[in-house]
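Here is a short briefing on how one protein chain is put together. Keep the structure open while you read.

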Amino acid sequence: MTSKQRAYLKGLAMNLDPIFQIGKGSVTPELTTAVSEALEARELIKLTVLKNCLDDSNSIAQVLAERTRSEVVQVIGKKIVLYKQAKDEKKRKIVLP
């Protein structure tokens, strides 16, 4: 992903509300499955890491990206933004520059 594409996705993510909250359970198989399904449906999602989570936001983002085969767009504080292009061209909502 180029820096121009990343900047474009960051701009789109500013208007998104977090759809998942990661707590003390951290990254579970159920969370990974839900994130994967959300990425397939939306392509770009935002997650929040709660204060009671013991893991670092960056490490959580990397683990989720590996398990869902997505890309980390950004990690700011306790917010994580992930992107994964839809497999089906008809379902693609985001066109990268």
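The crossing of H2 and H3 is right-handed. The model shown here is predicted.

- Helix H2 covers residues 29–42, and helix H3 covers residues 57–68.
- Their axes lie 10 Å apart, and the two helices pack at an angle of about 65°.
- That angle makes H2 roughly perpendicular to H3, because angles of 65 to 115 degrees count as roughly perpendicular.
- Which residues of H2 and H3 meet? From H2 come Leu-31, Thr-32, Val-35, Ser-36 and Leu-39. From H3 come Leu-64, Arg-67 and Thr-68.
- The residues of this contact divide into 4 nonpolar, 3 polar and 1 charged.

**The sheet**

- What is the order of the strands in the open sheet? The order is E1-E2-E4-E3, and the sheet has 4 strands with mixed pairing.
- The edge strands are E1 (20–22) and E3. Each of these pairs on one side only.
- From one strand to the next, the twist averages 25°.
- Helix H1 (residues 3–13) packs on the sheet. H1 touches E2, E3 and E4, and its direction makes about 60° with that of E3.
- H2 packs on the sheet as well. H2 touches E1, E2 and E4, and its direction makes about 150° with that of E2.

**Strand E4 and its partners**

- Is strand E4 mostly covered or mostly uncovered? E4 (residues 79–83) is mostly covered, with 4 of its 5 residues buried.
- E4 pairs with strand E2 (residues 44–49). The pairing is antiparallel and runs over 5 bridges.
- Lys-46 stands opposite Val-81 in E4, and Thr-48 stands opposite Lys-79 in E4.
- E4 also pairs with strand E3 (residues 71–76). This pairing is antiparallel too, over 5 bridges.
- Look at Ile-76 next. Its bridge partner in E4 is Lys-79.
- E3 and E4 form a hairpin. How many residues lie between the two strands? There are 2 residues between them.
- Gly-77 sits in the turn of this hairpin and has a positive phi of about 60°.

**Two loop residues with positive phi**

- Ser-26 has a positive phi of about 60°, although it is not a glycine.
- Where is Ser-26 placed? Ser-26 is in the loop between E1 and H2.
- Ser-26 has a relative accessible area of 15%, so it is buried. The cut-off for buried is under 20%.
- Arg-69 is a residue other than glycine, and its phi is positive, near 55°.
- Arg-69 is found in the loop between H3 and E3.
- Is Arg-69 buried or exposed? Arg-69 counts as exposed because its relative accessibility is 70%, and the cut-off for exposed is over 50%.

Conventions: Residues numbered from 1 in each chain as written. Predicted model: local features only at pLDDT ≥ 70, side-chain atom pairs only at ≥ 80, totals over all residues. Heavy atoms only, no water. Axes fitted to C-alpha atoms, helices over the stretch in contact; angles between N-to-C directions. Parallel < 35°, antiparallel > 145°, perpendicular 65-115°, else oblique. Left-handed = near helix turned anticlockwise from the far one by under 90°. Contact = heavy atoms within 4.5 Å. Nonpolar A, V, L, I, M, F, W, Y, C, P; charged D, E, K, R; others polar. Buried < 20%, exposed > 50% of the residue type's maximum accessible area, 1.4 Å probe, protein only. Pairing = 2+ DSSP bridges.
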